[in-house]
Amino acid sequence: CAGPLHKQDAYLILPALKRCAALPNVEVWFFGWHPNFYYDFTPALPKALEFEGMRYHHGGYIGDVKQFQREIGVLDVALAPLKDTEVNRCKSAQKWFESAINATPMVVSDSPAYECVEHGVTGFKASTPEEFTEYALMLCTDAALRKRIGGAAYDAVMARHTVTAYAEQWRRAVAP
């Protein structure tokens with residue numbers, strides 16, 4: 001689920017997606033940017049596409065936040081790659097928050113953006129395509145692991161990353 005600016009990050013996860021797509025009962029989905037982005041100008045979505053032998057689905061571009069949350073809520077596993085760049089080091093954990101609120105386990109880049117993710121507890125952190133592949137395969141093949149990691153991520157977001165959780169800090173900031 002990303003815009004076209006994340007094309008530079010895709011090399012981190014394409015091997016994982018190809019391996020996962022070959023598993024029984026696994027479908028790969030993209031929302032927003034996808035591997036055939038520049039060649040796919042037809043508006044009929046969602047649709048099934050193919051990239052280097054990997055069959056995948058493109059769910060389109062979703063501008064409405066509530067619709068986006070509903071759409072990504074069907075995912076069983078999510079990946080959030082960030083190439084190590086100055087810009088990406090300044091990003092937030094938004095993708096993890098969005099997935100965690102749906103109790104969807106994630107493999108995220110081991111970057112400052114995801115410092116709130118506890119490796120092996122509330123998600124998995126990966127630095128290389130091989131690590132993304134290893135953790136994605138683990139999550140795709142182990143339902144109990146998906147449930148445990150997704151549930152822990154949901155609990156962490158609800159306890160530490162909601163408006164209610166930050167209410168006192170906001171009060172101190174605006175009314176010292």
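Biologist: Hi! Before we dig in, which ground rules apply to this model?

Modeller: It is a predicted model, so local features need pLDDT of at least 70 and side-chain atom pairs count only at pLDDT 80 or more, while totals for chains, interfaces and linings use all residues. Residues are numbered from 1 along each chain as its sequence is written, and side-chain values use heavy atoms, with hydrogens and water left out.

Biologist: Thanks. How many salt bridges does the structure hold?

Modeller: There are four salt bridges. The term means a side-chain nitrogen of Lys or Arg within 4 Å of a carboxyl oxygen of Asp or Glu.

Biologist: Which residue pairs with Glu 52?

Modeller: Lys 18 does, and the closest N and O atoms of the two are 2.4 Å apart. Helices (H or I, at least four residues) and strands (E, at least two) are DSSP runs, numbered from the N terminus.

Biologist: Is Glu 52 buried or exposed?

Modeller: Exposed, at 57% relative accessibility. Lys 18 is partly exposed at 29%. The cut-offs are under 20% relative accessible area for buried and over 50% for exposed, with partly exposed in between (1.4 Å probe, protein chains only).

Biologist: And what is the phi of Glu 52?

Modeller: Near 45°, which is a positive value in a residue other than glycine. Most residues other than glycine have a negative phi. Ala 103 also has a positive phi, of about 60°, without being a glycine. Ala 103 lies in the loop between α4 (94–100) and β5 (106–109) and is partly exposed at 35%.

Biologist: Back to charges. Which residue does Arg 89 pair with?

Modeller: Arg 89 forms a salt bridge with Asp 84, with 2.6 Å between the closest N and O atoms. Arg 89 is partly exposed at 37%, and Asp 84 is exposed at 58%.

Biologist: What about Glu 168?

Modeller: Glu 168 forms a salt bridge with Arg 171, and there the closest N and O atoms are 3.3 Å apart. Both residues belong to helix α7 (residues 163–174), and because they are three residues apart, about one helical turn separates them. Glu 168 is partly exposed at 40%, and Arg 171 is partly exposed at 48%.

Biologist: Which backbone oxygen lies 3.0 Å from a polar atom of the Lys 125 side chain?

Modeller: The one of Val 117. Lys 125 itself lies in strand β6 (residues 124–126). Leaving aside neighbours within four places in sequence, its contacts (heavy atoms within 4.5 Å) include Val 108, Tyr 114, Glu 131 and Tyr 135.

Biologist: Switching to aromatics, how many pairs does a search of the whole structure find?

Modeller: Five aromatic pairs. Rings of Phe, Tyr and Trp (its six-membered ring) pair if their centres lie within 6.5 Å; planes under 30 degrees apart count as stacked, over 60 as edge-to-face and the rest as tilted. One of the pairs is Trp 29 with Phe 31, whose ring centres are 6.0 Å apart and whose planes are at 20°, so the pair is stacked. Trp 29 is partly exposed at 33%, whereas Phe 31 is buried at 5%.

Biologist: How far apart are the ring centres of Phe 124 and Tyr 135?

Modeller: They are 4.9 Å apart with planes at 10°, so this pair is stacked. The pair links distant parts of the chain, with Phe 124 in strand β6 and Tyr 135 in helix α5 (residues 129–141), eleven residues apart. Phe 124 is buried at 6%, and Tyr 135 is buried at 12%.

Biologist: Which residues do ring pairs link into a cluster?

Modeller: Phe 30, Trp 33 and Tyr 56.

Biologist: Last one: what does Ala 48 touch?

Modeller: Not counting residues up to four places away in sequence, Ala 48 touches Arg 55, Tyr 56 and His 57. Ala 48 lies in strand β2 and is partly exposed at 34%.

Methods
A polar contact is a pair of N or O atoms within 3.5 Å; within protein, one must be able to donate a hydrogen and the other to accept it, and residues adjacent in sequence count only if both atoms are side-chain atoms.
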